Amino acid sequence: MAFTDQSFRGKLAELNSTQQSIQTLSLWLIHHRKHVDTYVNIWNTELRKASRQRKLTFIYLANDVLQNGRKKGGSTLSNKFGEVLPDAFKHTAIETDEQTIQKLMRIVGIWEERKIFDSNILSSLRQVIGGAVPVSKKKRIEDVKLALQEQLAKDSPDENSDEVPDSDDMVKLITSLIESASSDAEIRQKIAGLPQTVSDASALKKIKDKAEAERLATSVEDASKMLNDYNERLAQELNDRKKLFRSLAPFVNSQREKLAESEERLKEYKQKLQDVAAARTELEHHIKSLPDFSMLPDKDAGLAPLPSAGDLFKL
């Protein structure tokens with residue numbers, strides 16, 4: 001059958017994962033190797049469209065063409081496939097399983113053993129595979145993320161909670177965290193300075209006598225007690241921080257409400273102050289408009305005597 005774009009796409013659509021199907025199409029492509037530029041591009045395009053399960057079959061087809069076509073096609077086949085394989089591997093490795101990734105690594109190993117590609121292309125392919133996250137591992141990561149989100153939601157402060165923490169309790173809680181276990185540099189330095197023998201089981205093989213064994217047992221016991229105490233303090237600190245985290249939102253909301261009330265009260269009393277000041281000003285004006293009683297005769301000096309009848313008729 002003569003090579004055409006349509007005929008090749010039809011054969012790719014019929015391709016399955018059996019060895020016979022792969023080898024049959026591989027021989028056909030090797031026979032039509034003069035069209036390598038065309039069919040490699042079509043192969044890469046159709047691989048992108050293929051389902052996750054069929055992408056690996058496309059890679060197996062390329063592998064068969066590359067290995068069995070070396071004698072007839074020389075470096076032409078490897079050069080052309082080498083241009084698109086990193087992209088093809090990237091699309092094959094996306095959201096695949098660990099088994100497929102191992103198969104891709106095995107193919108790259110075969111190409112390296114048989115010197116199908118140079119080190120640059122092989123390194124590029126390994127880099128693409130190494131950056132892929134298998135579906136199973138990706139699912140585990142998603143599960144961990146989901147669990148963390150659920151825990152955060154559980155520990156998140158309830159902004160609609162009616163229970164408002166007391167200010168004194170909040171101060172005590174914050175003060176206790178200032179001197180928390182995680183900030184205890186002294187105990188952390190002691191733990192860092194513990195001898196390796198207290199945590200290395202191989203040290204038991206080096207014990208020569210009972211006295212040395214008893215010294216090691218004492219060191220292990222002291223280290224164990226110190227670590228247990230520190231772990232308990234860390235656990236308590238974690239609980240305190242969760243408690244503080246949960247209390248912050250209702251406490252802040254409560255303070256905002258109190259702040260709003262205070263601002264409203266301040267506004268009210270400022271208005272009252274303005275009213276009193278206005279009344280005072282009006283009173284001062286009123287006082288100034290009253291007559292000046294200091295200009296009247298002195299009441300203690302008495303009134304001037306009335307004129308006598310004679311004085312009235314004097315001409």
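**Entry 1: what I am reading.** I note that this is a predicted model, in which local features need pLDDT of at least 70 and side-chain atom pairs count only at pLDDT 80 or more, while totals for chains, interfaces and linings use all residues. I also note that residues are numbered from 1 along each chain as its sequence is written, and that side-chain values use heavy atoms, with hydrogens and water left out.

**Entry 2: the whole chain.** I found 13 helices and zero strands in the protein chain, where helices (H or I, at least four residues) and strands (E, at least two) are DSSP runs numbered from the N terminus. Of the 315 residues, 27% count as buried. I then looked at contacts, meaning heavy atoms within 4.5 Å, and saw that among those between residues at least 6 apart in sequence, 75% join residues at least 24 apart.

**Entry 3: aromatic rings.** I looked up ring pairs, for which the rings of Phe, Tyr and Trp (its six-membered ring) must have centres within 6.5 Å, with planes under 30 degrees apart counted as stacked, over 60 as edge-to-face and the rest as tilted. The structure holds eight aromatic pairs. One of them joins F89 and W111 as a tilted pair, 5.9 Å centre to centre and with 50° between the planes. This pair links distant parts of the chain, since F89 sits in helix 6 (residues 75-93) and W111 in helix 7, 22 residues apart. W111 counts as buried because its relative accessibility is 0%. I also noted a cluster in which ring pairs link F3, F8, W28 and Y39.

Entry 4: I found V65 in helix 4, and it counts as buried because its relative accessibility is 0%. Which residues does V65 contact, leaving aside its neighbours within four places in sequence? I listed S26, L29, I30, Y39, R70, L77 and F81. From V65 to I22 I read 9.2 Å, C-alpha to C-alpha, for two residues 43 apart in sequence.

I then turned to S7, which is found in helix 1 (residues 5-14) and counts as buried because its relative accessibility is 14%. A polar atom of the S7 side chain lies 2.8 Å from the backbone oxygen of T4. Not counting residues up to four places away in sequence, S7 touches M1, A2 and W28.

Entry 5: I found K90 in helix 6, where it counts as partly exposed because its relative accessibility is 48%. The C-alpha atoms of K90 and L125 are separated by 8.3 Å, although the two residues are 35 apart along the chain.

Where does K115 lie? I placed K115 in the loop between helix 7 and helix 8 (119-130), and it counts as exposed because its relative accessibility is 66%. I wrote down its phi, near 55°, as a positive value in a residue other than glycine. Most residues other than glycine have a negative phi.

**Entry 6: the second largest pocket.** I checked the term before using it: on a 1 Å grid over the protein atoms alone, a pocket is an open set of points with protein on both sides within 12 Å along at least five of seven lines, and lining residues have an atom within 4 Å of a point. About 170 Å³ of space lies in the second largest pocket, a volume being the space filled by probe spheres set on the points. Among the residues that line the second largest pocket I noted S17, R52, Y60, D97 and K103. Which helix gives the most to this lining? I found that helix 4 does, with five residues, and that helix 4 (52-68) and helix 7 (98-113) each supply at least two.

Technical notes: 1 Å grid on protein atoms, 1.4 Å probe; cavity = no way out; pocket = protein on both sides within 12 Å on 5 of 7 lines; lining within 4 Å. Buried < 20%, exposed > 50% of the residue type's maximum accessible area, 1.4 Å probe, protein only. Polar contact = N/O pair within 3.5 Å; in protein donor to acceptor, adjacent residues only side chain to side chain.
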